[in-house]
Amino acid sequence: MKKLTPVISLFKQFIKDTENGKRLKKNGERIKPQSIQNYYYVLQNLIKFSTQTGFEVRICDATKLTKRELQSEKNYWKKFYLKFTGFLYDNGCYDNYVGTNIKTIRVFFNYLKNDKDFNTGDFQRLFYVRKEEVDIFVLSPDQLKFLIHDREFEKSLTPSLKRIKDIFVFGCTTGLRFSDIFLLTNKNIENVDADWYLKVKSQKTKTFSYIKLPAYAVAIYNQYKPQNNKAYVFGKISLFNFNKSLKTLGELAGFTAPVEVLREKQGKTKKMIKNGDASQKRFCDKMSSHMMRRTAITTLLILGMPEHLVRKISGHSAASNSFNRYVHYAQSYMDKEIEKVHSKLEVY
């Protein structure tokens with residue numbers, strides 16, 4: 001008779017072993033806190049799924065299973081995959097989020113097999129990880145110049161919003177991730193023969209960047225430069241509050257043009273729905289910390305910097321698919337601008 005073990009208890013052990021360093025990356029590094037937080041989200045979803053649907057999520061060691069029992073287990077995990085993903089979709093989730101959950105569950109299966117010598121039967125290979133290409137929202141060069149140079153707008157902001165604007169502009173110029181920009185200290189800024197440089201190692205990719213700063217970015221740094229070399233240049237702020245403030249900043253700046261937001265469910269494109277109606281999103285509603293890095297990369301491309309140099313600044317590899325998305329976006333932006341010129345030439 002098959003010995004069944006509840007998945008929830010094993011998943012909690014998986015998280016615990018990751019937190020205390022018993023489970024590491026292949027290169028020996030510890031798993032990042034953000035990844036562990038994602039594991040907790042998956043755990044919560046598994047608990048909700050099991051509780052609300054009555055589906056028993058369990059696993060058994062496949063070592064001594066008969067051929068018939070192996071087929072039964074295979075059918076069970078096929079059923080689990082369909083019901084669990086269906087549960088997430090029914091609760092308003094889209095392909096990227098569902099795919100992330102499934103990817104984590106596959107990692108969990110590999111942990112059982114490799115770290116716990118638990119023969120899972122490799123049923124995780126049945127789980128398909130869906131992905132979707134979410135639209136890139138970035139500031140146009142004109143919008144970025146407005147935030148950099150419009151002094152009347154700057155005077156209208158509260159001190160806290162002005163700080164958010166300055167940090168956002170600095171990020172849109174340097175391409176730093178949120179996690180990196182709030183770790184900057186005086187040691188990351190270097191003055192060489194009257195030129196200023198930003199030197200930083202990315203927390204995420206471990207790559208080094210050495211970026212020359214324009215005068216306005218240097219002015220921002222000098223405004224927030226701490227007296228203590230160990231203190232952070234921009235202090236601290238939660239990601240939630242930063243993103244919330246950015247939306248307010250965008251609204252005050254007049255970045256309110258409507259945008260269509262499309263997402264994918266099971267590979268099918270759908271408009272985002274809210275309260276039974278297609279939600280009318282404004283550009284400012286889509287502003288977030290991710291926009292800083294995306295804006296920096298696309299601005300460099302739009303204004304003509306060669307791709308290989310932009311990659312060096314952004315830390316993308318030559319084969320990076322995500323970088324190619326920025327190239328395509330920049331090309332479509334340039335096409336639209338050229339079409340505006342062409343339309344004027346066609347009028348006689």
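This is a predicted model: local features need pLDDT of at least 70, side-chain atom pairs count only at pLDDT 80 or more; totals for chains, interfaces and linings use all residues.
Local features require pLDDT of at least 70 and side-chain atom pairs pLDDT 80 or more, whereas totals for chains, interfaces and linings use all residues. Residues are numbered from 1 along each chain as its sequence is written, and side-chain values use heavy atoms, with hydrogens and water left out.

**View 1. Crossing of helices H7 and H10.** The axes of H7 (residues 159-174) and H10 (residues 239-252) come within 10 Å and cross at roughly 95°; the two helices are therefore roughly perpendicular (65 to 115 degrees). Axes are lines fitted to C-alpha atoms over the stretch in contact, with angles from 0 to 180 degrees between N-to-C directions. Helices are DSSP runs (H or I) of at least four residues, and strands (E) of at least two. Leu161, Ile164, Lys165, Ile167 and Phe168 of H7 meet Phe242, Ser245, Leu246, Thr248, Leu249 and Leu252 of H10 (contact: heavy atoms within 4.5 Å).

View 2. Glu132 lies in the loop between H4 (95-114) and H5 (141-149).

View 3. S7 (residues 262-265) and S8 (residues 268-271) pair in the antiparallel sense over 4 bridges (pairing: at least two DSSP bridges). Leu262 stands opposite Lys271 in S8. The hairpin has 2 residues between the strands, and Gln266 takes a positive phi near 55°.

Definitions and conventions. Angles under 35 degrees count as roughly parallel, over 145 as roughly antiparallel, 65 to 115 as roughly perpendicular and the rest as oblique.
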